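Please look through the chain below before reading on.

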Amino acid sequence: MSPYRRREVNPILSLLNAIGYLLAGGAAVYGIFAFGATLLPLRLERRAPAGLPKVTLLKPLCGWEPETYACLRSFCDQQYPEFQIIFGVAAEDDPVLAVVRRLQQEFPRRDLRIMIDRRQHGSSRKVSNLINMMSQAAHDYLVIADSDVCVDERYLAKVVAPLLDPGVGVVTCAYRGVSRRGLWSLMGALFINEWFMPSVYTAAHAGSRSFAFGATIALRREVLSQIGGFTSIANHLADDYRLGELTRRLGLMTVLSDVEVDVVVAESSFKSLVHHELRWLRTIRAIRPLSYSFCFITFGIPVALLGVLLSRASPIALILLAVAAAARLLLHIKRRQADASAAQIALVPIRDCMGLALWMWSFTNRRVKWRDEHYQVSRDGSALLLGENLTP
C-alpha cells in the first residue's frame with residue numbers, strides 16, 4: 001500500500017472552479033478586445049465628395065428639451081451642396097415648432113419644411129411620423145436622425161458618400177452620449193459610451209454588420225421602396241435595426257460610418273433611467289436572443305469578481321480580475337466625456353453592476369415603456385401597445 005494517501009477530488013468544487021476561471025477569463029479577454037476595438041479605426045472605402053446627390057433629411061420630433069435648438073441647428077448648418085430638412089410633428093401645439101420656426105428665420109435659404117400630421121399607421125409613433133413626412137420628401141437620398149443628435153458641419157457629406165456605391169443599403173453612425181447635468185444622466189451616458197458602443201465596435205471589427213442606429217440612418221429611396229417603405233416597420237420599436245435587417249435581406253451592405261455623432265442623454269430620475277435601459281435591453285433580447293443570452297460577459301468587473309468567488313480566490317482568477325479591471329478602467333478613460341472629473345472612475349464598477357442586474361431583470365418579461373406608453377415586444381421586434389400602470 002502506498003504511503004501517500006490519494007487526495008479526493010470534489011467534483012462540485014472542481015466544476016465551480018472551472019466556471020470561475022471561465023467567467024474571470026471571459027471578462028478579461030472581452031475587456032481587452034473592447035478597449036482595443038475603440039482604438040482601431042474602421043476600414044472604409046472613401047469616395048471623393050464631389051458630385052454628392054441632393055438629400056432629404058427627416059427629423060421626427062415630439063416635445064422640446066433645452067438642447068433641442070442646438071441639436072436641430074447643427075443639421076441646418078451643413079457644408080453640403082443641396083438638401084432639405086423636413087421636421088415632422090403630430091400636434092399643432094407641440095412646443096418644438098417654435099424652435100423649428102426660429103431656425104426657418106435663421107436659415108431663410110435652406111429648404112426647411114414642417115409637416116404636422118397626427119395619423120397613426122402602426123404602434124410606433126416615430127415611424128408613423130416618418131410615413132407622414134415622406135409626402136414632402138423631394139429627393140431620392142434620405143437621412144433619418146433622432147431629435148437629440150448633434151453633428152458637425154461635415155456630417156452629411158460623410159454619411160451620404162457611401163450610398164454612391166449601389167451595393168450599400170444603409171449607412172449608420174456610431175454615437176457618443178453627452179450627459180446633461182445630474183447623476184442619472186451621467187449613468188445613462190456611461191451605459192452608451194462604455195458598454196453599448198464598445199460592443200458595437202468589437203462586433204464591427206469582427207466583421208458583423210447586424211446593426212443600424214437611430215442616431216443616423218441613410219439610404220436611397222429606391223431601397224426603401226424595395227423593402228415596402230416605412231410601412232414595413234410601422235409596428236417596430238427597433239425601427240432602426242429593422243431597416244438595416246430588411247436591406248441586408250436584399251443582399252445590400254450596412255456601412256458603419258467613421259462619423260461619431262453626439263447624443264444628448266437626459267435622465268431625470270433613477271426610474272426613468274431604468275425604464276430607458278430596460279427598453280433597450282429587452283428590445284435587443286427580442287431581436288438577437290442567442291447573442292444577448294451570452295452578453296453578460298461584457299459587464300466586466302462584477303463578472304470577473306464572481307469568477308474569483310467561485311474559484312475561491314485562486315491566484316489565477318485574481319490575476320484575471322486585475323486584467324479585467326485594468327482593461328475596463330482604460331476603456332473608461334478612453335471613452336469618458338472631455339469634461340469628466342477623475343472622481344467618475346468610482347462609478348465604473350457601480351455602472352457595471354447595474355448593467356448586469358438590468359440584464360438579468362430583462363428576462364422577466366417583454367414589457368417596455370417608451371415615453372408615456374407601454375408596449376409588449378414580440379420575438380421579431382414588433383410591439384403591441386398595452387395599457388398603463390404596468391411594472392417594468
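1. Among contacts (heavy atoms within 4.5 Å) in the protein between residues at least 6 apart in sequence, 80% join residues at least 24 apart. Please bear in mind that this is a predicted model, in which local features need pLDDT of at least 70 and side-chain atom pairs count only at pLDDT 80 or more, while totals for chains, interfaces and linings use all residues. Residues are numbered from 1 along each chain as its sequence is written, and side-chain values use heavy atoms, with hydrogens and water left out.

2. The protein has 13 helices and 11 strands, where helices (H or I, at least four residues) and strands (E, at least two) are DSSP runs numbered from the N terminus.

3. Of its 392 residues, 53% count as buried, that is, under 20% relative accessible area with a 1.4 Å probe, protein chains only. The C-alpha atoms fill a box of roughly 95 × 50 × 45 Å, taken along the principal axes.

4. Helix α6 (residues 183–205) and helix α13 (residues 347–361) have axes that come within 10 Å and cross at roughly 75°; such axes are lines fitted to C-alpha atoms over the stretch in contact, with angles from 0 to 180 degrees between N-to-C directions. The two helices α6 and α13 are therefore roughly perpendicular to each other (65 to 115 degrees).

5. On the α6 side this contact is made by L183, L186, M187, G188, L190, F191 and E194, and on the α13 side by L347, V348, I350, R351 and M354.

Definitions and conventions: Parallel < 35°, antiparallel > 145°, perpendicular 65-115°, else oblique. Buried < 20%, exposed > 50% of the residue type's maximum accessible area, 1.4 Å probe, protein only.
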